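My notes follow in the order I looked things up.

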Amino acid sequence: MASPWTDETSLEKKWDNCAKDAILKTSAGAGVGLVFAFLLRSKRWPLTLGTGIGIGMAISNCQHEFRAPVMLRRGAATCHSEVKSTPAPLEAVLSNNGNTES
């Protein structure tokens, strides 16, 4: 049984999405680079640049997906601390006439 703090199926889905995203973005970057390499008469740097940009975007998206907060369930995080302060009476503030010295 999985622990209540981690959801293994969620983690597997994240890895699957990252792998799909990496393949898609790397292929798209290589494709765009190939087109520009063809237009620039067999230069190799556009293909390398496009592939590198695709890999970089995929890594960035994976990091964002794994760092995203996971909501366990609605209302799980509640704050139990209460602020109990009483405001100063208006007469005390007005009688001071803006003086900060006591």
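First, the terms: I took helices (H or I, at least four residues) and strands (E, at least two) as DSSP runs, numbered from the N terminus. With that settled, I checked the spot just after α1, where Arg41 takes a positive phi of about 60°.

A note on ground rules. This is a predicted model, so I kept in mind that local features need pLDDT of at least 70 and side-chain atom pairs count only at pLDDT 80 or more, while totals for chains, interfaces and linings use all residues. Residues are numbered from 1 along each chain as its sequence is written, and side-chain values use heavy atoms, with hydrogens and water left out.

**Entry: helix α1.** I looked up residues 8-39 and found 32 residues in α1. From first C-alpha to last, α1 reaches 47 Å, close to the 46 Å expected at 1.5 Å a residue (the expected span is 1.5 Å times one less than the number of residues).

Which residues of α1 are buried? I listed Lys14, Cys18, Asp21, Gly29, Gly33 and Ala37. Buried means under 20% relative accessible area, exposed over 50%, and partly exposed in between, with a 1.4 Å probe and protein chains only. The buried residues of α1 pack against α2 (45-67).

**Entry: salt bridge.** I searched the whole structure and got 1 salt bridge, meaning a side-chain nitrogen of Lys or Arg within 4 Å of a carboxyl oxygen of Asp or Glu. Asp21 pairs with Lys25, and their closest N and O atoms are 3.0 Å apart. The two are 4 residues apart in α1, so about one helical turn separates them. I jotted down the general rule too: an α-helix has 3.6 residues a turn, so residues three or four places apart point the same way. Asp21 has a relative accessible area of 16%, so it counts as buried.

**Entry: aromatic pair.** I counted 1 aromatic pair. Trp15 and Phe66 form it, tilted, at 4.9 Å centre to centre with 55° between the planes. Rings of Phe, Tyr and Trp (its six-membered ring) pair if their centres lie within 6.5 Å; planes under 30 degrees apart are stacked, over 60 edge-to-face, and the rest tilted. The pair links distant parts of the chain, with Trp15 in α1 and Phe66 in α2, 51 residues apart. Trp15 is exposed at 54% relative accessibility, whereas Phe66 is partly exposed at 29%.

**Entry: one more residue.** I also checked Leu49, which sits in helix α2. At 48% relative accessibility, Leu49 is partly exposed.

How values were computed: Contact means heavy atoms within 4.5 Å.
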